[in-house]
Amino acid sequence: MASSTSTDAAKRAKLPSLTGLRFFAALLVFFFHSSLTDSPIPPNAPINPFADATIADGFSTAFSKAGYLGVSFFFVLSGFVLAWASKPGERVTAFLRRRLLKIFPNHVVVFAAAMILFAGAAVTSAADWLPNLLLIHTWFPQPTVNLSVNPPSWSLGSELLFYVLFPLLIIPIRKIRGNALWVWSALMVAGMVAIQLISTYLVPDTPKSTITPISGMQFWFGYLLPLGRVFEFALGILLARVVLAGLWPKRVGFGAALALTVLGYAAALAAPFQYGFVVATIIPVAALIGATASADVEGRATFLRSRPMVWLGEVSFGFYLVQGVTIFYLRSLLGTETYSVPVALLVIAGFFCASLLGGWLLFRFVEMPAMRRFGRSRRRTQQVPATVSEPYESPAPAVAAALAPAPAREPVPVATAGRTS
């Protein structure tokens, strides 16, 4: 049983270090896209700007699993922060309204920009682009649909499912006690392994994908399909319960978790392709999130909670959404030419600056105004809305009570709420 002191500390805690950490996850996705030898946008031309073949191959190999690690981090963090910021008794409609406001305004703006810049010419059928606009595109196995318009927006299809499922998942998870949380966490990891085993042995391995070494169906089932990503989301909810209950092992601090993440990434590079999506890195990702949150709960200073890092974390959702369009479009303007190392580094720096500027513009002029205007119920104006960065947002304080196991005769609230980040 957790002590009242640890529980009270958790109730008071904000998690600025987790906010800062999510920028590095978005940065991993940025470097993944910058290193691609085959763009997901037809005609699938190389993005990697290095002329030297050895350096280009090294850059591509080094970041070949970085995007998968970054997205998995965000999915686990989504469950963690939604659970952490959960409010007892909150109506499902209020919860869903805030969640949809966090993703759709930004998504629609970037969707429109992508259609104007290049996707409108490449995607001629509404059957391809309309599912993307509605964020249901990753339920379709066709690559022309599930990676249409703005390819990184595929992850928002999973986030949308997470929002729908959260009010249902949080009720039974709140009832899990003590060390049983670890057992359920292990079962979530087993579920992730099962997804890849099914993908490897039961899903057709032909025809091959144009952008991966496995088939298009295997890539869709093992990586893009939202249903398979629910295990990561549920693991995040369970981790929040672990930290709030004071059960996080103190010997697993941030340094140890970071070292474990490096080892997990090395394993992902060496493992069969589809096992590098989630399986090889999921335990390190969980350790990194749990250790960082515990550091914040205990009030330990980290560089991640500095003002610049928190700002970067706040704009990271916008940065994540625009970096694909920015990189693919700017690279198309440069053609297929490759460059010396200094010039190639300047090209990547240009991609980064343009993406960071776009992320800040989305945060400042789309996300924040939308949340201020529509984020709170007109009938409950006294209720303070959650913070505004998606699936990468800082949780509100004083919310741990929503996750404490209910007394035996206490009625369970109809719904609780939170957010993703």
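In this predicted model, the charged end of R364 sits over the ring of F365, 5.1 Å from its centre; the criterion is NZ of Lys or CZ of Arg within 6 Å of the ring centre and within 35 degrees of the ring normal. Residues are numbered from 1 along each chain as its sequence is written. Because the model is predicted, local features need pLDDT of at least 70 and side-chain atom pairs pLDDT 80 or more, while totals for chains, interfaces and linings use all residues, and side-chain values use heavy atoms, without hydrogens and water.

Rings of Phe, Tyr and Trp (its six-membered ring) were paired if their centres lie within 6.5 Å, with planes under 30 degrees apart counted as stacked, over 60 as edge-to-face and the rest as tilted. This rule gives 31 aromatic pairs. F50 and F59 are edge-to-face, because their ring centres are 5.3 Å apart and their planes stand at 75°. Both residues of this pair, F50 and F59, are buried (under 20% relative accessible area; exposed is over 50%, partly exposed in between; 1.4 Å probe, protein chains only).

W154 and Y223 form a tilted pair, with 4.7 Å centre to centre and 50° between the planes. W154 belongs to helix α8 (residues 154–174) and Y223 to helix α10 (residues 216–224), so the pair ties together parts 69 residues apart in sequence; helices are DSSP runs (H or I, at least four residues), numbered from the N terminus. W154 and Y223 are buried. One aromatic cluster includes W154 and Y223, with F162, F166 and F219 also among its members.

I136 lies in the loop between α6 (126–134) and α7 (143–146) and is partly exposed, at 34% relative accessibility.

Technical notes: Helix = DSSP H or I, 4+ residues; strand = E, 2+ residues; numbered from the N terminus.
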